[in-house]
Amino acid sequence: MSVRRDGTSTAYERYLRTDELLSLQRDTEGRVDPDEMIFIVVQQSSELWLKLIAHEMGSAVSATRSDAVLSAVRHLRRVHSYLVNLMGQLDTLDHIPPWSYQRIRTQLEDGSGFSSPGWSSTRKLARSLGEEFTAFMARRTVGLHEVYTRHTEFEDLYQLAESLVDLDSDCMLWRTRHLKVVERMVGVDAVGVAGTPIEVLAKLSTERLYPELWRIRSQLTGEAGEHLATAPTPAP
């Protein structure tokens with residue numbers, strides 16, 4: 001980034017408001033531990049990624065409502081790549097020693113990941129997306145069983161359904177990775193900042209946004225087993 005000789009801000013700085021952005025982290029004197037910088041930067045950048053995710057998910061909701069299925073799929077592919085980046089940066093938190101985090105967590109008071117506005121928006125939009133998908137299926141007068149057994153006939157619906165499965169899988173992976181960060185910092189038998197036992201977080205990590213898209217797989221597996229069991233044995 002170039003800086004003008006007269007000390008004024010550059011167009012790059014003004015456009016991205018870097019002065020304001022880079023002032024949001026605690027000064028050295030205000031930190032309770034040197035590694036607090038890691039924690040703050042990762043958490044703040046996570047909220048930015050989640051804001052971008054919510055932006056794309058909102059577009060996917062609108063596209064599904066307008067029957068623009070391929071557009072919705074395109075937005076959800078973007079969400080997948082953003083969630084991959086979101087999960088990747090959690091690796092950075094593993095560099096914080098457990099004792100350092102004990103000092104850092106005192107600054108959170110009763111706050112926790114449950115208070116994340118970005119994650120809250122993501123979950124709400126995921127529910128809206130599921131509702132719009134169900135409504136679109138109704139407009140097409142088709143059920144999941146037909147979509148999955150005759151997927152070449154319902155390619156757009158199949159691709160959207162599988163994009164929702166990708167989203168669901170990514171969210172479970174995100175919660176699981178976040179759980180491992182917490183366990184690494186405070187232990188597996190501890191209680192979180194907000195008073196939530198770690199074992200409760202472990203159960204939440206397997207929560208499914210779209211259980212019907214997982215049940216159809218079990219149904220198909222059961223049907224396939226019955227079909228194979230009753231199919232005639234080929235002649236030698």
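Author: Tyr101 has a relative accessibility of 9%, so it counts as buried (under 20% relative accessible area, with exposed over 50% and partly exposed in between, using a 1.4 Å probe and protein chains only). The model is predicted, so local features need pLDDT of at least 70 and side-chain atom pairs count only at pLDDT 80 or more, while totals for chains, interfaces and linings use all residues. Residues are numbered from 1 along each chain as its sequence is written, and side-chain values use heavy atoms, with hydrogens and water left out.

There are 4 aromatic pairs in the structure (rings of Phe, Tyr and Trp, the last by its six-membered ring, with centres within 6.5 Å; planes under 30 degrees apart are stacked, over 60 edge-to-face, the rest tilted). One of them joins Tyr101 to Phe39 in a tilted arrangement, 5.8 Å centre to centre with 55° between the planes. Phe39 belongs to helix H3 (residues 36–65) and Tyr101 to helix H5 (residues 98–104), so this pair ties together parts 62 residues apart in sequence (helices are DSSP runs of H or I, at least four residues, and strands runs of E, at least two, numbered from the N terminus). Phe39, at 13% relative accessibility, also counts as buried.

Trp119 and Trp174 form another tilted pair, with 6.1 Å between centres and 50° between planes. Because Trp119 lies in helix H6 (residues 117–139) and Trp174 in helix H8 (residues 155–186), the pair ties together parts 55 residues apart in sequence. Both tryptophans, Trp119 and Trp174, are buried.

Now to H6 itself. Its 23 residues should span 33 Å at 1.5 Å a residue, and its end C-alpha atoms are 33 Å apart, which agrees (the expected span is 1.5 Å times one less than the number of residues). Among the buried residues of H6 are Trp119, Leu129, Glu132, Phe133 and Phe136. Just after the helix, Thr141 takes a positive phi of about 50°.

Glu132, which has its place in helix H6, counts as buried at 14% relative accessibility. Leaving out residues up to four places away in sequence, Glu132 touches Val61, Thr64 and Arg65 (contact means heavy atoms within 4.5 Å). Val61 is 71 residues from Glu132 in sequence, yet their C-alpha atoms are 6.7 Å apart.
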